[in-house]
Amino acid sequence: MLSIGAVLAFLHDDFPEVTISKIRFLEAEGLVEPRRTPSGYRKFSPADVERLAYVLRMQRDHYLPLRVIREHLDAIERGESPPALPGSADARPGPLEEADRELTASAEAATGVRLGRAELLAAAEAGEAELVEWESYGLVASGPDGGYDGEALQVARLVAELGRYGLEPRHLRAMKAAADREIALVDQVVAPLRRHRNPQTRAHAEATARELATLSVRLHAAMVQAGLKTRP
């Protein structure tokens, strides 16, 4: 059984970018479940280390989201072959499929996640200067306690990914403005329901807001897909 520091040292040659915060984040996401000593220290088995290496390899080499990696791991545990890895660029999903994938990943990330600044940076694979710039443009915001929730994590990951294509935060101001307008539209629909005394009606308001948000994102993706098809 290895401590988290020993696991970090073991993985360093193949994954020099991995950090203790990254390992803790993958544990929080349920991708690895080390044992705990009575005093609360993590202890990783060889199987845990192998599982961590698999997750890191799938992220680095195949850019798989954690949801898909979890499906691979579940298949392996059942004694089945994991799903086929993405092939050529032509086989990649289109904008609508990507939007659905991101929405699912966002919902997963939002569930009970609370990250510190260092953990967010590790999960988004970004630097402090990048996060400061994202925050200055209102793309990412911390909560009252200084922590970051699952939605902030998902936004940070997407902003970082867009940055790899040369899109800087200043280029994303239009997206932020469009999102703010969509939020206002959704709020017009659900605000009366949220003010209702009946708890079931208020719960329906939250479900309606999620559904409208999903439809809004899918509409945006469909419009982008249609617009790209008209380009020569």
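R51 is found in helix 3, where helices are DSSP runs of H or I of at least four residues and strands are E runs of at least two, numbered from the N terminus. The model is predicted: local features need pLDDT of at least 70, side-chain atom pairs count only at pLDDT 80 or more, and totals for chains, interfaces and linings use all residues. Residues are numbered from 1 along each chain as its sequence is written, and side-chain values use heavy atoms, leaving out hydrogens and water.

**Helix 3**
- Y63 follows helix 3 and has a positive phi, near 55°.

**R51**
- R51 is buried, at a relative accessible area of 17%.
- Its side chain reaches the backbone oxygen of L31 at 2.4 Å.
- Beyond its neighbours within four places in sequence, R51 is in contact (heavy atoms within 4.5 Å) with G30, L31, V32, L73 and E77.

**Largest nonpolar core**
- Within this core of 40 residues, a set of buried Ala, Val, Leu, Ile, Met, Phe, Trp, Tyr and Cys residues joined through side-chain atoms within 4.5 Å, L11, L26, F44, L52, L120, W134 and V140 touch the most other members.
- Helix 3 gives the largest share of this core, seven residues.

Key. Buried < 20%, exposed > 50% of the residue type's maximum accessible area, 1.4 Å probe, protein only. Polar contact = N/O pair within 3.5 Å; in protein donor to acceptor, adjacent residues only side chain to side chain.
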